[in-house]
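Here is a short tour of a structure for anyone who likes to know what sits beside what. Keep the viewer open and click along as you read.

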Amino acid sequence: VSSSLILCLPEKLLVVTIATKDTDGFRRFLRSAKHFNYTVKILGRGQKWNGGDYMSAPGGGQKVRLLKAALEKMKNVDQIILFIDSYDVVFASSPKELLKKFQQAKHRVVFSSETLIWPDRHLEDKHPHVREGNRFLGSGGFIGYLPNIKEMVANWTGEDNESDQLFFTKIYIDPAKRKSINITLDSKCRLFQNLHGALDEVVLKFENGRVRARNVLYDTLPVIIHGNGPTKLQINYLGNYIPSAWTFETGCTVCLDDLYSLTALKESEYPLVMIGIFIQQPTPFVTVFFERLLKLQYPKNRLKLFIYNQEAHHGPQVSSFQQNHGSLYQDIKVMGPEEEMDATASRNLGFDLCRNDKDCDYFFSLNIEVVLKNENTLKILIEQNLPIVAPMITRAGRLWSNFWGALSGDGYYARSEDYVDIVQGQRVGVWNVPYVSSVYLVKASLLRSELKDYELFNSPILDPDMAYCHNVRNKGIFMYVTNMHTFGRILSTENYQTTHLHNDLWQIFENPVDWQDRYIHANYTHIMKDNLIETPCPDVYWFPIFSDVACNHIVEEMEHYGKWSGGANVDTRIQGGYENVPTIDIHMNQINFEKEWQKFLLEYIAPITEKMYPGYYTKCSTPLNFVVRYKPDEQPLLVPHHDASTFTINIALNSKDIDYQGGGCRFLRYDCSIQAPRKGWALMHPGRLTHYHEGLPTTAGVRYIAVSFVDP
């Protein structure tokens, strides 16, 4: 059998690598090797790594020692050895392609090549020139026949922390040794792609259900991709795709591998999760956050809560939750502003509480501004069975999310090529990323091993989240974000005022989706589809608009303000200073709610106006928006009148027979009355000419309505 035929037989190839620890990167390497049926021999398992830290100084001699010892036991002269790193390497193609390209190199040993010389720049002149391609040797990958590689490492007598790169470089630049061992470089990256110094040359190439890395400088498709030196994040990015982890045809092919199923477990056997809740600034909708926490689908007796609250403003909400629901959980610990603990210290403490609790299986970090709409979030994350995993959350209408796809040179945010596609759900999967924040799950076993350093969140220059992610990356631990499900969103905490009684009412601009969830009637979105608009009187339309909470908050806000008008004709609050048919009321602008109310009218009332009064388009220009109070002993009724409006909105803010007796509205022209207004429902009617109307007497209790005279 000729040597050329032997070359093409994949069984002649043995991949040899060093892995003293079973890291996330090593598991990724093995997964890609298994995908292509490479035969892999792993050296150094369970041994202490003495080869130094490549990132800061030369090292790696331990690899050569282990290789030399392993080769001494091998006898087959036709054996081809591929020696590569593993933690930062993925295979992009098959042994067959690798061997074919090795054969085409027409040398007995082929080394990977680099654009940069390392660790000794003074040896640059001694490197042979190449016609095209990289001139310098990279020791992270080489392939060759067993006898030639044996000869190459035979003279290694160095220490474990000496440089393997320098050792192989010196052999290569010695013309006699280069010739006798028959070494060449893979200058155009046909077999090996080292990423350091070549990031601009490498792009992803999607083809027929598989993904390659393409070197655009030399137009080659390397078989082995190596994130050498400071390019770990880039190999993580490429490894999200190569060789077929995610493709356009299949989507994610690895997202359902190695799952940890909870379905077979009894609730008492569920992993114990400590949820760390962090309140670091005044935040809207905190009450809703706790309501949602209660709905999280997970046995509460398998949850412990650690609540860190830095904001005195939110103290009552935290206390209320603790008093009313704390006993449902296995344990609850609250740290308030009086502890004077900063954000960094609180996060270190949260991790440590789980780390030192032998029963704690996971730490679930959850910022108060996170809106977790998916009640199964915690189960989904646990089942993913990853070291650190975040559910992707976004900010409504923005490209902001709780992960970064890449980092800039100085460790801050940079946009990866796939970031927008992931955020917008064009690409769905579980993604290895350099930074997660706001909400994520950490395995407690990690906190007791690689992440046992107490001060994970500390840094003189980085904020706590960045410091934490920096420390995690430096340990070679992978962080993931999943967008396999829709999980929720994050609130904007900018411009959140705390000067009112119900500050969330003012959030219609900053957090419109959450404002709608909280304050707009649950049936509002079905109005048109399910034909919910009623016509109790001619050209009078009646429909649901406000939730009970909205009605209560508006009434309470007005009573809290308390400066009700006297119900006299003279009214300095309005243009002209004279009111024909006065009511006892408070204007929206008196509580600085005018802008928000107009936005509400435009967003929620105008579409219905335009539907019910075809051909009429409104900008909802409103000189007058106010809340009226009717009481038997104050002002029980309103005499017949026209409104100073094209159309009027009248929203019932409380309930007949519960809060008051009597009340209602009568349209005289049609002798038609609405005697039992429903709380949260709006009456919409023309203001002038045809709809002369009166407010019927309130005979007991207190009745409140919100009124807008639209388009005077």
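Setting aside residues up to four places away in sequence, Ile242 touches Val90, Phe91, Ala92, Leu204, Val211, Arg212, Ala213 and Ile225. Please keep in mind that this is a predicted model. Ile242 is also joined to Pro243 by a cis peptide bond, with omega at about -5 degrees.

**Nonpolar cores**
- Ile242 is among the residues with the most contacts inside the largest nonpolar core, along with Ile225, Phe351, Ile388, Phe403, Tyr440 and Tyr468.
- That core has 55 residues, and helix H15 (residues 464–474) gives the most to it, with 5 residues.
- A second, separate core has 47 residues, including Ile533, Ile545, Phe593 and Leu601.

**Around Leu195**
- You will find Leu195 in the loop between strand E8 (192–194) and strand E9 (202–207).
- Is Leu195 buried or exposed? Its relative accessible area is 1%, and because buried means under 20%, Leu195 counts as buried.
- Beyond its neighbours within four places in sequence, Leu195 is in contact with Val202, Ile225, His226, Gly227, Asn228, Thr231, Gln234, Ile235 and Leu238.
- Glu114 is 81 residues from Leu195 along the chain, yet their C-alpha atoms are separated by 8.5 Å.

**Aromatic rings and charges**
- The structure holds 49 aromatic pairs. In one of them, the ring centres of Phe290 and Phe321 are 4.6 Å apart and the planes are at 20 degrees, so this pair is stacked.
- Phe290 belongs to helix H9 (residues 286–295) and Phe321 to helix H10 (residues 315–325), so the pair ties together parts that are 31 residues apart in sequence. Both Phe290 and Phe321 are buried.
- One aromatic cluster is formed by Trp506, Trp515, Tyr519, Tyr524, Phe546, Phe593, Trp597, Phe600 and Tyr604. Phe593 from this cluster is also part of the second core.
- Two arginines sit over rings: the charged end of Arg178 is 5.4 Å from the ring centre of Tyr172, and Arg678 lies over the face of Trp681, at 4.3 Å from the ring centre.

**Backbone features worth a look**
- Most residues other than glycine have a negative phi, and most peptide bonds are trans.
- Asp539 has a positive phi of about 55 degrees and lies in the loop between strand E28 (534–537) and strand E29 (540–544). It is partly exposed, with a relative accessible area of 38%.
- Asp671 has a positive phi of about 45 degrees and lies in the loop between strand E35 (665–667) and strand E36 (672–674). At 57% relative accessibility, Asp671 is exposed.

Notes
Residues are numbered from 1 along each chain as its sequence is written. This is a predicted model: local features need pLDDT of at least 70, side-chain atom pairs count only at pLDDT 80 or more; totals for chains, interfaces and linings use all residues. Side-chain values use heavy atoms; hydrogens and water are left out. Rings of Phe, Tyr and Trp (its six-membered ring) pair if their centres lie within 6.5 Å; planes under 30 degrees apart count as stacked, over 60 as edge-to-face and the rest as tilted. Helices (H or I, at least four residues) and strands (E, at least two) are DSSP runs, numbered from the N terminus. Buried means under 20% relative accessible area, exposed over 50%, partly exposed in between (1.4 Å probe, protein chains only). A charge sits over a ring if NZ of Lys or CZ of Arg is within 6 Å of the ring centre and within 35 degrees of the ring normal. A nonpolar core is a set of buried Ala, Val, Leu, Ile, Met, Phe, Trp, Tyr and Cys residues joined through side-chain atoms within 4.5 Å. Contact means heavy atoms within 4.5 Å.
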